[in-house]
Amino acid sequence: MGVSQGWRETAKRPSSDVLLQIARAVAHSVADGSRRSPSLRKVLHTVVQEYERAVIFRLGRLLSGGAKGPGIFFILPCIDTYARVDLRTRTYDVPPQEVLTKDSVTVSVDAVVYYRVQNATISIANVENAHHSTRLLAQTTLRNTMGTRPLHEILSERETISGNMQLSLDEATEAWGIKVERVEIKDVRLPVQLQRAMAAEAEAAREARAKVIAAEGEQKASRALREASEVIGDSPAALQLRYLQTLNTISAEKNSTIVFPLPIDMITYFMKARADNSM
């Protein structure tokens, strides 16, 4: 009669009290067994490192108070289960992605993503595998971002594209408890034919600029020569000084050259005599 009355009183209690009594009974039994078996004593306490957190589930429900750690914490065997979460920054090397740019050029782009778990509880409760989901999302975001830009922007604005990808990934993974710290584009590989075409285009552009510069130089030189000829024509002695300067330059550069200087007045005399004979 006393046993049945005890069961009726137990049935009238709230379910939380029943679970608490069961947990206490299991804990006492394990404590008694731990005195006999030292290996059973390890089940009751667990230690997590400074960079780790433990998310505890009690009878399938998330334990209030958030993640435990760092340090030692206690669990109830056969009732509590827990998952370790590493809070350190992880590096994901995004494999090369074949992307069709906005101007219909096929390029291969790879990147690196730095991320970490910001909220251990959310990363366990809201998504099955936070790390795998983040990596797949990084690949998709890289393809989508590169596909909306032309080739010249991809080659010249890597920092801007990396910043946009970091903001997009961080916003999408916030519900998973993930914080994307940095995104860097490693390399952009172009097809071989496109590389040759771009090299030929750059070479032609350089040759065109060189011709323009040479033409401008010739134009400036011709103007300078015209001004010099006007100055020399006004002063005959200036032509003699220029002649002597030219001889000095030749003697300094080519020592094996033999120069016989002739007076300019003598040449002028012969030219006048030839003119008189022709008349």
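In what sense do E7 and E8 pair, and over how many bridges? The two strands pair in the antiparallel sense, over 10 bridges. Strands count as paired if DSSP finds at least two bridges between them.

Before going further, a word on the model: it is predicted, so local features need pLDDT of at least 70 and side-chain atom pairs count only at pLDDT 80 or more, while totals for chains, interfaces and linings use all residues. Residues are numbered from 1 along each chain as its sequence is written, and side-chain values use heavy atoms, with hydrogens and water left out.

**The chain as a whole**

The chain holds nine helices and eight strands. These are DSSP runs numbered from the N terminus, with helices (H or I) of at least four residues and strands (E) of at least two. Of the 279 residues, 23% are buried. Here buried means under 20% relative accessible area, exposed means over 50%, and partly exposed lies in between, using a 1.4 Å probe and protein chains only.

**Strands around E7**

On its other pairing, E7 joins E6 in the antiparallel sense over nine bridges.

| Residue | Partner | Strand of partner |
|---|---|---|
| Val117 | Ile178 | E8 |

E6 and E7 form a hairpin with five residues between them, and Ser104 in the turn has a positive phi of about 60°. E7 is mostly covered, with nine of its 12 residues buried.

**The largest nonpolar core**

A nonpolar core is a set of buried Ala, Val, Leu, Ile, Met, Phe, Trp, Tyr and Cys residues joined through side-chain atoms within 4.5 Å. The largest one has 29 residues, and those touching the most other members are Val94, Val107, Val109, Val113, Leu142, Met146 and Val188. Two or more residues each come from strands E6 (90-100), E7 (106-117) and E8 (178-189), and from helices H4 (130-147), H5 (151-156) and H6 (158-173). E7 gives the most, with six residues. Apart from this core lies another, of five residues, including Ala54, Ile56, Phe73 and Ile75.

**Helix H4 and its neighbours**

H4 has 18 residues and reaches 26 Å from its first C-alpha to its last, close to the 26 Å expected at 1.5 Å a residue. That expected span is 1.5 Å times one less than the number of residues. At the N-terminal end, Asn129 caps H4, with a side-chain oxygen 3.3 Å from the backbone nitrogen of His131. Among the buried residues of H4 are Ala130, His131, Leu142 and Met146. Its buried residues pack against E6, E7, helix H3 (120-125), H5, H6 and E8.

Take a look at Met146: leaving aside neighbours within four places in sequence, Met146 is in contact (heavy atoms within 4.5 Å) with Val99, Thr101, Val109, Ile154, Ile161 and Ile185.

Thr101 sits in the loop between E6 and E7. Is Thr101 buried or exposed? Thr101 is buried, because its relative accessible area is 4%. Its side chain makes a polar contact with the side chain of Asp103 at 2.5 Å. A polar contact is a pair of N or O atoms within 3.5 Å; within protein, one must be able to donate a hydrogen and the other to accept it, and residues adjacent in sequence count only if both atoms are side-chain atoms.

Arg61, in strand E3 (residues 61-62), is exposed, because its relative accessible area is 68%. The C-alpha atoms of Arg61 and Thr81 are separated by 9.7 Å, and these residues are 20 apart along the chain.
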